[in-house]
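Please consult the sequence and the structure shown here while reading.

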Amino acid sequence: GDSLPGILCSGFRVGDRQKFEKDTGAGIYCAPTMDVAQHYSKPKKLDGRWVQVVLQLRVKPSAIRLVADPKATEFEKKYWVINDPDHIRAYGVLIREFHLKDYVPPEVMVFGSSHPEVKKLLKALQTEAASD
């Protein structure tokens, strides 16, 4: 994605969007599995092919904070929150051919496909994928 060069050059930083800060403290949100992480990397067209890029991370085990908020969805409970940027490193860049039409954004996983804002997002993705 667009943040890849910055992450690889400067490392991670704690962002402004901290949905579970009360539960986990402010931190960097990541996921231990591709099953979750893939939803946070929208495929991009590169040399006529759709590709998805996902970072492989190394995390200090004792730094992992699990989301346990009772209001969290089952999908959100799969997140890891790392409070200190020094405790997380990218050590691999995973690239796969993955068409935009097959991409499921995280909003679908969190809010469901019937949510009005998610419906708008999905329609926009379908339009973008169809223009290929």
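A nonpolar core is a set of buried Ala, Val, Leu, Ile, Met, Phe, Trp, Tyr and Cys residues joined through side-chain atoms within 4.5 Å. Buried means under 20% relative accessible area, exposed over 50%, and partly exposed in between, with a 1.4 Å probe and protein chains only. The model is predicted: local features need pLDDT of at least 70, side-chain atom pairs count only at pLDDT 80 or more, and totals for chains, interfaces and linings use all residues. Residues are numbered from 1 along each chain as its sequence is written, and side-chain values use heavy atoms, with hydrogens and water left out.

**Nonpolar cores**
- The largest nonpolar core has 11 residues in all, including Phe20, Val54, Phe75 and Val110.
- A second, separate core of 7 residues includes Ile28, Cys30, Val59 and Ile88.
- In soluble globular proteins, nonpolar side chains tend to be buried together.

**His39**
- His39 lies in the loop between helix H3 (34–37) and strand S2 (44–46); helices (H or I, at least four residues) and strands (E, at least two) are DSSP runs, numbered from the N terminus.
- His39 counts as buried because its relative accessibility is 7%.
- A polar atom of the His39 side chain lies 2.7 Å from the backbone oxygen of Val104.
- Beyond its neighbours within four places in sequence, His39 is in contact (heavy atoms within 4.5 Å) with residues including Phe75, Tyr103 and Met109.

**Lys101**
- Lys101 is placed in the loop between strand S6 (88–97) and helix H4 (106–111).
- Lys101 counts as exposed because its relative accessibility is 58%.
- From C-alpha to C-alpha, Lys101 and Ile88 are 31 Å apart in space, and they are 13 residues apart in sequence.

Key:
A polar contact is a pair of N or O atoms within 3.5 Å; within protein, one must be able to donate a hydrogen and the other to accept it, and residues adjacent in sequence count only if both atoms are side-chain atoms.
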